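User: I'm new to this one and would like to go through it slowly. Could you put it up and start with the terms we need?
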Amino acid sequence: MVLRNPRRELEMPGPLTVAALLEQLEVNPESVLVIQGDTLVTRDARLSDADVVEIRPVTSGGAE
Amino acid sequence: MKCRVCRAPAVLDIRRHNAAFCREHFLKHCREQVRRAIDDQHMMAAGERVLVAVSGGKDSLALWDLLLELGYDADGLYVGLGIGEYSDASWQAARTFARERGLQLREVDLAAEYGYDVPRAAATTHRSPCGACGLSKRHVFNSVAVDHGYDVVATGHNLDDEAAVLLGNVLRWETGYLGRQHPVLPAGPGFARKVKPLYRLGERETAAYCVLLGIDYQVEECPMAEGNRHLGYKEVLDALEDRSPGAKAAFVFGFVDRAHDRFRDEAGIEREGLGPCAVCGSPTTTDVCAFCRLRQRVGSRAVHAQ
């Protein structure tokens, strides 16, 4: 999988659900999108060993 | 998960709505939320000219797209902040979006137009970069809107932004800021109306909107915002939302509907004391406006450094 901000790549053994993946990475599901190709996957989706996903943070800063 | 509307496979779940949506119905949900925000708050009328503050990020590009989808006459305004590769990539994203759709993107580069950029302003004035950036953008958005006859300036502030700002204002009981925190700031002498049509959508939704429509936005975070207080508030609110879905919406919508009026007078008193800036003519409560004072400070430090 590809993680952004900062960009890095990790391999995780499958199969596992998106929710389990985020939990293992200690990522709050409210703060990211999980992208597969040109679409999005919900937290109950099952990912296999061969799947490539991007975990993209959606939080932007920049206020006084 | 299945789409709440049509039972097709869902692409996004939104826990505060206790719902998931397929691509088609998620995009419809976004349009409906923006339509509702505009109508409920009387943000703008058909035929008015809208200037969208465009940063190249997910919120402003989603906003521009949504306003066009809803039939508004909307041009964009990009402000060049001079934050290295981050600004270059943001500017490129804004230009590409406009070019591919044949839209008008106005551009103001702080360095070329005003002789400073955000990193220099922060370094020479010891002001926070986000403070100097926000001050500069507010001034430029308003002056371009007034100079070019736009009825309204639309910014991409989303539900998460509003919740984080509200938390900060409440923690310090900034009553003047609370009086000004509203989805609509009415026009006044020298001020264009300012609206926040995305205040009913979370930033997860605006990012999803862009991904699903193939809108290529600036994904990287501003390097100067790293570790700022606003991001800390968002982290706290995300943790709260995870435990208690709907908390952010209840916080912001409750404030707008039931509490904002209690602070409105504070903002009104500030507006009554406004006069023209001695340098640029913009409305201000002091002789010289905060933007011109910032420019003067950066300029005088630069002269001393030579």
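Analyst: Axes here are lines fitted to C-alpha atoms, for helices over the stretch in contact, and angles run from 0 to 180 degrees between N-to-C directions. Helices (H or I, at least four residues) and strands (E, at least two) are DSSP runs, numbered from the N terminus. This is a predicted model, in which local features need pLDDT of at least 70 and side-chain atom pairs count only at pLDDT 80 or more, while totals for chains, interfaces and linings use all residues. Residues are numbered from 1 along each chain as its sequence is written, chains are lettered from A and ligands numbered from 1 in the order in which they are written, and side-chain values use heavy atoms, with hydrogens and water left out.

User: OK, at what angle do the axes of α7 and α10 of chain B cross?
Analyst: Helix α7 (residues 159–171) and helix α10 (residues 229–243) of chain B have axes that cross at roughly 105° and come within 9 Å. That makes α7(B) roughly perpendicular to α10(B) (the class for angles of 65 to 115 degrees; under 35 is roughly parallel, over 145 roughly antiparallel, and the rest oblique).

User: And which residues of α10(B) make that contact?
Analyst: With contact meaning heavy atoms within 4.5 Å, α10(B) contributes B:His230, B:Tyr233, B:Lys234, B:Leu237 and B:Asp238, and the residues of α7(B) include B:Leu167 and B:Leu171.

User: Switching to the sheet, what is the strand order in chain B?
Analyst: Six strands form an open sheet in the order β5-β4-β3-β6-β8-β7, with mixed pairing, where two strands pair if DSSP finds at least two bridges between them. The edge strands, each pairing on one side only, are β5 (105–109) and β7 (184–185) of chain B.

User: How many bridges join β3 to β4 in chain B?
Analyst: Strand β3 (residues 49–53) runs parallel to β4(B) and is joined to it by five bridges, with B:Ala53 standing opposite B:Leu77 of β4(B).

User: Why is β4(B) described as largely enclosed?
Analyst: Strand β4 (residues 73–80) of chain B is largely enclosed by the rest of the structure because seven of its eight residues are buried; buried means under 20% relative accessible area, exposed over 50%, and partly exposed in between, with a 1.4 Å probe and protein chains only.

User: Which strands does helix α2 of chain B lie across?
Analyst: Helix α2 (residues 58–69) lies across β3, β4, β5 and β6 of chain B, and runs at about 160° to β3(B).

User: Last, what about chain A, how many strands does it have?
Analyst: Chain A has seven strands along with one helix, and buried residues make up 44% of its 64 residues.
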